[in-house]
Amino acid sequence: MSKHTPGPWYSTVTMSSDLHFIRSIDSDVVGQIAKVRIGPVLEQDEALANARLIATSPELLEHLKKVLWEVEAFEKRTGIPQFSLWITEAKALIAKAQGG
């Protein structure tokens, strides 16, 4: 299982560029995570939305893990397996995000 660059990540664009950059800052070192190009396939608004989604990925993953833990704890406490499908899907998404 590979580890991703820790968040937070953020999205920036330079006025003279057709690129949105997704970057991280770790101990004052800026690292480039990804680039989203504006062009014939992606309009500015869509490229910006994609860049924002990519930039929030580490936080979304961590929040999903916390929610999963709470839901599993609820089912264990109550003995009511009402969230089984959600739990299975959340575990699959976490594994996918972590390279599993």
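Me: The radius of gyration is taken over C-alpha atoms, and the globule rule is 2.2 Å times the number of residues to the power 0.38. What radius of gyration does the protein chain have, and what would a compact globule of 100 residues have?

Reply: The model is predicted. A compact globule of 100 residues would come near 13 Å, but the protein chain has 17 Å. The spans of the C-alpha trace along its principal axes are about 60 × 35 × 20 Å.

Me: Which pattern does the protein chain follow along the sequence?

Reply: The order is β-β-β-α-α, that is, three strands and two helices. Helix α1 covers residues 44-78, and helix α2 covers residues 84-97.

Me: What makes the pair of F74 and F83 edge-to-face?

Reply: A search of the whole structure finds two aromatic pairs. In the pair of F74 and F83, the ring centres are 5.9 Å apart and the planes stand at 65°. Pairing requires centres within 6.5 Å, and planes over 60 degrees apart count as edge-to-face.

Me: How do you know whether F74 and F83 are buried, partly exposed or exposed?

Reply: The limits are under 20% relative accessible area for buried and over 50% for exposed, with partly exposed in between. F83 has 17%, and is therefore buried. F74 has 29%, and therefore counts as partly exposed.

Me: Why is R23 said to lie over the face of F21?

Reply: R23 is placed at 4.5 Å from the ring centre of F21. The distance limit for a charge over a ring is 6 Å, with a further condition of 35 degrees from the ring normal.

Me: What makes up the largest nonpolar core?

Reply: Eight residues form this core: W9, I22, V36, I38, L42, A47, A51 and A55. Helix α1 supplies its largest share, three residues. Apart from this core lies another, of seven residues, including L61, L68, V71 and F83. A core member must be buried; F83 qualifies because its 17% is under 20%. In soluble globular proteins, nonpolar side chains tend to be buried together. Of the 100 residues in the protein chain, 22% are buried.

Me: With which residues is L42 in contact, leaving aside its neighbours within four places in sequence?

Reply: L42 is in contact with V36, R37, A47 and N50. V36 and A47 are also listed with L42 in the largest nonpolar core.

Me: Why are K65 and E62 said to meet in a salt bridge?

Reply: Their side chains approach to 3.4 Å, N to O. The limit is 4 Å, so the pair qualifies. K65 and E62 are three residues apart in helix α1, and are therefore separated by about one helical turn. K65, at 27% relative accessibility, is partly exposed, and E62, at 37%, is partly exposed as well.

Me: How do you know that E72 forms a salt bridge with K91, and which parts of the chain does the pair link?

Reply: The closest N and O atoms of E72 and K91 are 2.9 Å apart, which is within the 4 Å limit and therefore qualifies. E72 lies in helix α1 and K91 in helix α2, 19 residues apart, so the pair links distant parts of the chain. E72 is partly exposed at 28%, and K91 is partly exposed at 44%. By this rule the count comes to two salt bridges.

Me: Where is Q82 found, and which residues does Q82 touch, not counting residues up to four places away in sequence?

Reply: Q82 is found in the loop between α1 and α2. Q82 touches F74 and E75. The C-alpha atoms of Q82 and V71, 11 residues apart in sequence, are 9.6 Å apart in space.

Me: Why do A49 and S57 count as partly exposed?

Reply: A49 has a relative accessible area of 44% and S57 has 33%. Both values fall between 20% and 50%, so both residues are partly exposed. A49 is in helix α1, and S57 lies in helix α1 too.

Note on methods. Residues numbered from 1 in each chain as written. Predicted model: local features only at pLDDT ≥ 70, side-chain atom pairs only at ≥ 80, totals over all residues. Heavy atoms only, no water. Phe/Tyr/Trp six-rings, centres within 6.5 Å; stacked < 30°, edge-to-face > 60°. Buried < 20%, exposed > 50% of the residue type's maximum accessible area, 1.4 Å probe, protein only. Core = buried A, V, L, I, M, F, W, Y, C linked by side-chain atoms within 4.5 Å. Contact = heavy atoms within 4.5 Å.
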